[in-house]
Amino acid sequence: MVAPVLLPTSALAADCASEPIRVPGAIQPHGWLLSVNAGDGSVVAWSRNWVDLLGDDPPAEALAGFAASVHDETAALVEGEGAQSLGLQTLGGRKLHVSAHRLGGLVHLELEPAMADEGARAPIYSLARHVVPQMQRTTSVQEVCEVVTTEMKRLTGFGRCLIYRFDADGHGEVLTECLDAGYEAYQGHHFPASDIPAQARALYRLNHLRLIPDANYTPVPVHFADGRSTALALDLSQAQLRSVSPVHLEYMRNMGTLASMSVSIIVRGELWGLVSCHDHDPRALSYQTRMACEHLGQLLSLQIEAKEENEQVNQQLKLRELTLAMVAHMADSDATLQRLVDEPGPLLRLARAAGAAVILNDQCWCIGDTPDRETVLRVGQWLAGRIDDVMHTDRLGQEEAEFAAEGAKACGVLAISISSLHRHYIVWFRPEIAQTITWAGEPRKEALAPGTQLHPRRSFASWVEHVSGRSMPWRPAEIHAALELRQALIGIVLRRAEEMAEVAAELGRVNKELEAFSYTVSHDLRAPMRHISGFVDLVMEMDGKSLSERTRRYLAHVKEASAHAGMLVDALLDFSRMGRLALKCSWINTEALVDDLIAEQAGAPREGRVEWVVQRPLPRLWGDPVLMQVALRNLIGNAVKYSRTRELARIEIAPVQDERGAGLSISDNGVGFQMKYVNKLFGVFQRLHRSEAFEGTGIGLASVRRIIEKHGGSVEAYGEVDRGARFTFVMPLPD
């Protein structure tokens, strides 16, 4: 980050992270420190430069008197809060400003030489009169930072003042600066995250202002009243006089900076950035000026938070319009998510993406500039286990090596999950964007050899790096919009599922009524059909000789029609019974059942020959033996019937086993069918061939499907005209 407030770079980060910066055991020499017990006011520790001020060595008695004089004022201090002013005191013939804070059961009193009271010209009044109105008139984060940079430089008199912010990786970028002649410009430069170790960042969140008036100072050690040999147990995290790391002081001198001040910018509880001021010469600031600078930093933090939130709200409102448009389109369709790709514009604009895909298990529907289908499906598999609601990255190839070659189309990925049971995702893709970053000095340093003294970097000259393997980052508003779309889509899917459940319940009720009706009708029609056939036989027997040839032919047609109607009624009755019967499941010896049915077919008259091919062993099935015999008889009978025009019919029965369960496949080399009619095959009374060519009732395959589905399985058909057909069913096995 910006040099005067920064610690060493990445190669030195581990060493810097171990420095005792909270407990340095010393203070800067421009002030005096006295630490007393918060309860009884007894003296615990003091800085050794009190001797120079008071002349007593040790100065314990004089310090005890001073501590007692301010004990009542310090009693109201709150543990962990920042320093509060206690006004002016005269000690050792000098007028001093006193501030105090409470930490760890101790009250720390800090004294500095008092400066002239500026009255109505004090810095805080200047902020209220001039700066705050200017900040309110700004319309962007950049503008308000420019106002504060200029004002901070005016308030402090430092030669250079700049503001930089941290990105998601912790790297800093200088946004604005105001500087005098002779100072190097850093605007637009970046500083690596390792320049400020984690413990230093934590201090910036805790203590919002730090001043170093002279980088060439000699630290003043802290002495304990009880004579202990080390002062490292004294936590000076919130002390304004706290001595800083000697590595950092060398860092400043390497940069030609002898005085520095930094003010924290805290946005939503996080360290957003820093205001940093530098000077080539030593420079002290009064307590009032420092408090005005800290107050200005707080105002800037509030302004940045408000402007970022306002910008995000505006972005979210625009993106919500796109979400509503997509939801409206979905609501007017069948609510399947692949309908999103029918209107690609809103889906792509929602995330400013180059491409998008809807993934459902092993299927995907893509729009825009996306990787090939296989890669998209692999992204879906990679997302499984990595996503609950939303997942985003601007460097997919770095996170998963198998996608490193897909940067041209899938460097950045934003994904939302629609189902917790299935791989059902909506994924947006962004291409790689090459970036050029100007660093203030090379960010990478060589590791130190063991035993080598720790030193900061010595060069801050511009160092250009070309960065690849990243896409444009996803904005918070885009991630929020994706989450809103997810919630809306889940709502639509759930509502449609409820509607389908209601329809299914109604269909179930109607089906039961139809089954009962068809059972009653078919049962009641059996007797009339038999009566018709019987009366025709009586007429032919009693009066057949006196009837004309044409009359006898008519009566024969009536008998044939009644017989066919009787077969239909019987088949319909059997079909109705299947829906009403309870399953009586057991293990079925499939090989024995198939052998019996083949033998049954072999006994039937036939013109051509049949070649039976049974791929053994056949799997055992768990089902109702009676109903499964009906289903297999229909499938094998159909294979024989529709291949009888062949001189040599070939019928093959093969085992099927997959994650759904076990079953059989029955194929033939018969007349086949066109696949566009496959959905008609399993309907009641649906026939693809003329009844004159192939006899039958049109209920056989409907019965097969009802039986298999009643067992929780599924049946499929495949055919080619004049090349044959294949019917496959699979049923679940018991756990």
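Two strands are taken to pair if DSSP finds at least two bridges between them, and helices (H or I, at least four residues) and strands (E, at least two) are DSSP runs numbered from the N terminus. The structure described here is a predicted model, in which local features need pLDDT of at least 70, side-chain atom pairs count only at pLDDT 80 or more, and totals for chains, interfaces and linings use all residues. Residues are numbered from 1 along each chain as its sequence is written, and side-chain values use heavy atoms, with hydrogens and water left out.

Six bridges join strand β22 (residues 609-614) to strand β24 (residues 648-658), and the two run parallel. Within this pairing, valine 614 stands opposite isoleucine 653 of β24. Strand β24 is also joined to strand β25 (residues 661-667), here by seven bridges and in the antiparallel sense. Proline 655 faces its opposite number, leucine 664, in β25, and a hairpin of two residues leads from β24 to β25.

Another sheet is built from seven strands. This sheet is open, with the order β1-β11-β3-β2-β6-β5-β4 and antiparallel pairing. Because β1 (26-27) and β4 stand at the edges with a single partner strand each, one side of each is left without a neighbour in the sheet. Helix α3 (residues 60-69) packs on this sheet and touches β2 (32-37), β3 (43-47), β4, β5 and β6 (106-113), where contact means heavy atoms within 4.5 Å. The direction of α3 makes about 110° with that of β3; axes are lines fitted to C-alpha atoms, for helices over the stretch in contact, and angles run from 0 to 180 degrees between N-to-C directions.

Attention now turns to charged side chains. Side chains of opposite charge can pair when their charged atoms come close. With a salt bridge defined as a side-chain nitrogen of Lys or Arg within 4 Å of a carboxyl oxygen of Asp or Glu, a search of the whole structure finds 24 of them. One joins glutamate 79 to arginine 102, with the closest N and O atoms 3.5 Å apart. Glutamate 79 lies in the loop between α4 (71-74) and β4 (84-91) and arginine 102 in strand β5 (residues 94-103), so this pair ties together parts that are 23 residues apart in sequence. Glutamate 79 is partly exposed, at a relative accessible area of 40%, and arginine 102 is partly exposed at 25%; buried means under 20% relative accessible area, exposed over 50%, and partly exposed in between (1.4 Å probe, protein chains only).

Glutamate 309 and arginine 268 also form a salt bridge, at 3.9 Å from N to O. Since glutamate 309 belongs to helix α9 (residues 287-331) and arginine 268 to the loop between β12 (259-267) and β13 (270-279), the pair ties together parts that are 41 residues apart in sequence. Both ends are partly exposed, glutamate 309 with a relative accessible area of 38% and arginine 268 with 46%.

In a further salt bridge, the side chains of glutamate 400 and arginine 386 meet at 3.8 Å, N to O. Glutamate 400 sits in the loop between α12 (396-399) and α13 (407-410), and arginine 386 in the loop between α11 (373-383) and β16 (390-393), 14 residues apart. Their relative accessibilities, 21% for glutamate 400 and 45% for arginine 386, count as partly exposed. Elsewhere, salt bridges that share partners join Arg352, Arg430, Arg475 and Glu478 into one network.
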